[in-house]
Amino acid sequence: MSIQWTLIAGVMYAELAATILMLIPFISPTRWHHIFKSRFLRSIGNMSHIYFKMFLLLLVLFFIDAIREMRKYSGELAEQSRGDHGHHLDAEMQAHMRLFRAQRNFYISGFSLFLWVVLQRLATLISRLAVTMADSEAAMKQAKSASDAAAQLLKQEKVEQEEDQQKEANVSNEIKELKEDKKRLEAERDAALKQATAVSREYDRLMEEHADLQAKLKMAEGVVESKKDD
């Protein structure tokens, strides 16, 4: 295997290992997102799309070259198979070997190209998933905070309602007590008025009796004085 195809094969193995590593479930998308946003990857992130396109173009060129060689050696092998097998046995074996190498290079470059696209797409999806998870977690925290605030407001409103009900109950009790006091005072007032009326009547009666007694006394004194004069 030549140097360039050895490098392509190494890239394919590296891509395969990276793809398997990124599909491991115990490494969360958030951890991968932090890795993608690390200082080293961020330093080359501004030029990453250029690197991706250049390497993708390079893989496409190797893939096309592998197809060209595979078609070339397939044609040579077909021509040799129509000729004399005795004289062209070595050439046919060489053609089979070259065709095998071309097919091997075709599969290596094809898998490298496919895994390169898959790896780039997988990294993009993992980053988006991590951002979505972070947004979802932030939304959940915000919703929980809003729920706690709403529960606190409802609790405070309930306490205020209970306080208002207690105040209304106290006011109602005070009004009831004032009404009872009013009735009691009215009853005492009526009793006092009745008692005052009775006292006034008794006073008038006594004054009348006193006046009668004084009149009788004056009459008695007049009778006694008239008798003395006789």
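Predicted model: local features only at pLDDT ≥ 70, side-chain atom pairs only at ≥ 80, totals over all residues.

Me: Why are Trp5, Ile8, Ala9, Leu59, Phe62, Ala66, Ile108 and Leu113 called a nonpolar core?
Reply: A core of this kind requires buried nonpolar residues joined through side-chain atoms within 4.5 Å, and buried means under 20% relative accessible area. These 8 residues form the largest such set, so the term applies.

Me: How many of the residues that line the second largest pocket are charged, and what makes them so?
Reply: The lining divides into 4 charged, 4 nonpolar and 2 polar residues. Asp, Glu, Lys and Arg count as charged. Among the residues closest to the centre of this pocket are Glu69, Arg101 and Arg104, so these three belong to the charged class.

Me: Which element gives the most to that lining, and what is the volume of the second largest pocket?
Reply: The volume is about 160 Å³. Both α4 (48-82) and α5 (89-229) give two or more residues to the lining, and α5 gives the most, with 5 residues.

Me: What share of the protein chain is buried?
Reply: Of the 230 residues, 15% are buried. The protein chain exposes about 18300 Å², of which carbon and sulfur atoms supply 61%.

Methods:
Residues numbered from 1 in each chain as written. Heavy atoms only, no water. 1 Å grid on protein atoms, 1.4 Å probe; cavity = no way out; pocket = protein on both sides within 12 Å on 5 of 7 lines; lining within 4 Å. Points joined across faces, edges and corners; volume = space filled by probe spheres on them. Helix = DSSP H or I, 4+ residues; strand = E, 2+ residues; numbered from the N terminus. Buried < 20%, exposed > 50% of the residue type's maximum accessible area, 1.4 Å probe, protein only. Areas by Shrake-Rupley, 256 points an atom, 1.4 Å probe, with all protein chains shown as cover.
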